[in-house]
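The exercises below are meant to be worked with the sequence and the model side by side. Try each task before reading its solution.

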Amino acid sequence: MNINGIELEKVTEYVWEIPKSGRMNVPGRIYTSKKMLETSIRNDEALKQVINVAHLPGIQKYSLAMPDIHWGYGFPIGGVAATDFETGVISPGGVGYDINCGVRLARTSLKYDNIKNRISKLVQNLFKNIPTGVGSSGAIKKLNQTEIKNILIKGSEWAVEQGFGFQEDLDFTEENGKLKNADPYSVSERAIERGLDQAGTLGSGNHFLEIDVVEEIYNDEAAKLFGLFKGQIVVYIHTGSRGLGYQICDDYLKVLLKAEKKYGFNLPDKQLACAPIKSEEGQNYLSAMNCAANFAWNNRQIIMHLARKTLKETFSISEDELDFKLVYDVCHNIAKIEEHDIEGKLKKVCVHRKGATRAFPINSKFIPDKYRKVGQPVLIPGDMGRYSFISIGTDKALEETFGSSCHGAGRIQSRTQALKEAKGKNLIDELTKSGITIQAKGMKTIAEEMPHAYKDVSEVVDIMHYAGISTKVAKVRPVGVIKG
């Protein structure tokens with residue numbers, strides 16, 4: 001098949017390959033369907049970016065893309081690449097500006113039928129208690145330099161120590177909410193300054209907090225372990241490292257652009273700026289990125305605490321009655337040092353997941369003990385008008401994608417296109433008629449994030465499911481949304 005001048009070979013019904021050519025070090029592999037290739041994927045330069053990533057020094061096996069692939073900075077969003085720890089590189093473009101943008105899912109004992117008439121009040125209270133929007137601040141007191149540096153080292157652990165949640169929350173967070181080797185001295189004063197009053201804030205763009213109801217269960221055993229049941233109210237939180245993470249990415253792109261010349265790399269796109277992982281520049285970026293990741297986990301931990309408090313106050317119920325528990329928290333934008341089987345040998349690699357979710361299988365020592373009999377929860381939010389999914393990782397993901405799966409629906413319209421299409425539409429009214437209460441800082445955000453700016457996430461999730469990379473556990477639909 002030829003898409004925009006790029007030849008793709010069909011490997012299976014849901015796997016397509018761009019053969020290695022020219023200076024590519026590995027082939028490209030895209031998890032998708034023929035229909036998606038011919039419609040949404042052909043509309044931007046994401047496939048070209050898959051080819052570009054295949055030029056990275058030390059890249060292993062394939063330059064990978066998930067079905068939610070779309071154009072991004074350097075790497076496509078939905079891109080995955082593992083580079084050899086000894087000889088390979090690390091690239092900020094393979095992580096993104098919003099370092100550890102991720103999702104956490106919390107469950108409750110509440111049933112939608114019992115509270116549906118009070119969803120509007122709940123959304124109002126959440127919007128009042130959780131700061132949203134560009135530059136949002138003030139969820140907790142403004143941090144001092146010592147406190148924020150502790151957050152950069154400790155991640156979610158800091159929030160729990162301050163009373164924003166419980167020790168068990170850490171057990172159900174990827175990496176227990178803290179990446180090691182995070183050194184605040186690798187972070188600029190400007191980045192730290194931007195984070196001082198943004199802990200516990202949602203931000204803008206596609207970030208959200210949703211009140212969802214569990215609509216379908218596909219895997220009874222996994223759903224039971226996760227504490228999910230039909231008709232149940234759950235909370236989805238999607239945000240990242242805010243201005244601090246953005247500044248770290250911006251700072252290090254400048255450093256690594258110089259490093260690329262220093263080390264004599266000749267890459268097809270300057271947005272792939274990189275440095276050897278073991279170089280001073282590479283290690284400094286990795287340390288700063290770990291700091292931003294820890295800030296993001298702390299951010300989501302505080303927001304979850306604020307959501308728990310708001311639910312209790314809105315419904316005048318106790319902690320025990322609410323039974324608000326974290327199901328899991330996963331990164332979407334991260335580079336992590338992991339060990340993977342490469343041609344029959346266990347090799348240390350740097351796995352870049354940019355708009356992709358870790359999806360480790362049954363018996364993995366890296367997931368909570370409680371979940372090892374079913375696999376790691378893979379949280380896949382859709383758009384604010386349709387549905388989101390919970391899946392689980394598989395052995396096949398570990399074999400084929402370095403234990404990675406999709407992270408969401410994937411945009412099919414730019415924000416500019418979405419704004420243009422939204423003109424003359426009453427999007428709030430349309431969502432209300434669909435049974436969804438929404439509050440946001442302004443109509444611009446709602447227009448940019450309108451449901452039809454995104455692929456149908458069920459198609460994305462089904463591709464991963466039938467490809468055997470992550471299999472479905474449950475579907476949830478939004479009934480209340482707050483956005484920046």
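A crossing of two helices is called left-handed if the near helix is turned anticlockwise from the far one by less than a right angle, and right-handed if it is turned clockwise. The model used in these exercises is a predicted one.

**Exercise 1.** Determine how the axes of helix H10 and helix H11 are oriented to each other, and which residues make the contact.

Solution. Begin with the axes: those of H10 (residues 242-262) and H11 (residues 280-315) come within 10 Å and cross at roughly 165 degrees. Angles over 145 degrees count as roughly antiparallel, and H10 and H11 are therefore roughly antiparallel to each other. The handedness comes next, and here H10 passes H11 in a left-handed crossing. On the H10 side the contact is made by Arg242, Leu244, Gly245, Ile248, Tyr252, Val255, Leu256, Ala259 and Lys262, while H11 contributes Glu281, Asn284, Tyr285, Ala288, Met289, Ala292, Phe295 and Asn299. Sorted by class, these residues of the H10 and H11 contact comprise eleven nonpolar, three polar and three charged.

**Exercise 2.** Work out whether helix H5 and H11 are roughly parallel or roughly perpendicular, and classify the residues where they meet.

Solution. The axes of H5 (residues 145-154) and H11 come within 6 Å and cross at roughly 100 degrees. Since angles from 65 to 115 degrees count as roughly perpendicular, H5 and H11 are therefore placed in that class. From H5, Ile148, Ile151, Leu152 and Ile153 meet Asn290, Cys291, Asn294, Phe295 and Asn298 of H11. This contact of H5 with H11 divides into six nonpolar and three polar residues, with no charged ones.

**Exercise 3.** Decide whether Ser241 is buried or exposed, and find what its side chain reaches.

Solution. First locate Ser241, which sits in the loop between strand E11 (232-239) and H10. Its relative accessibility is 0%, so Ser241 counts as buried. A polar atom of the Ser241 side chain lies 2.7 Å from the backbone oxygen of Ile99. Apart from neighbours within four places in sequence, Ser241 is in contact with Asp98, Ile99, Ala292, Phe295 and Ala296.

**Exercise 4.** Describe the surroundings of His70.

Solution. His70 belongs to strand E6 (residues 63-70). Because its relative accessible area is 10%, His70 is buried. The side chain of His70 reaches the backbone oxygen of Asp68 at 2.9 Å. When residues up to four places away in sequence are not counted, His70 touches Asp44, Ala46, Gln49, Pro76, Ile77, Gly410 and Arg411.

**Exercise 5.** Inspect phi at Asn176 and at Asp323, and state where each residue lies.

Solution. As background, most residues other than glycine have a negative phi. Asn176, although not a glycine, has a positive phi of about 55 degrees, and its place is in the loop between helix H7 (167-171) and helix H8 (189-195). With 44% relative accessibility, Asn176 counts as partly exposed. Asp323, likewise not a glycine, has a positive phi of about 50 degrees, and it lies in the loop between helix H12 (319-322) and strand E13 (325-331). With 26% relative accessibility, Asp323 counts as partly exposed.

Methods:
Residues are numbered from 1 along each chain as its sequence is written. This is a predicted model: local features need pLDDT of at least 70, side-chain atom pairs count only at pLDDT 80 or more; totals for chains, interfaces and linings use all residues. Side-chain values use heavy atoms; hydrogens and water are left out. Axes are lines fitted to C-alpha atoms, for helices over the stretch in contact, and angles run from 0 to 180 degrees between N-to-C directions. Helices (H or I, at least four residues) and strands (E, at least two) are DSSP runs, numbered from the N terminus. Angles under 35 degrees count as roughly parallel, over 145 as roughly antiparallel, 65 to 115 as roughly perpendicular and the rest as oblique. Contact means heavy atoms within 4.5 Å. Ala, Val, Leu, Ile, Met, Phe, Trp, Tyr, Cys and Pro count as nonpolar, Asp, Glu, Lys and Arg as charged, and the others, Gly among them, as polar. Buried means under 20% relative accessible area, exposed over 50%, partly exposed in between (1.4 Å probe, protein chains only). A polar contact is a pair of N or O atoms within 3.5 Å; within protein, one must be able to donate a hydrogen and the other to accept it, and residues adjacent in sequence count only if both atoms are side-chain atoms.
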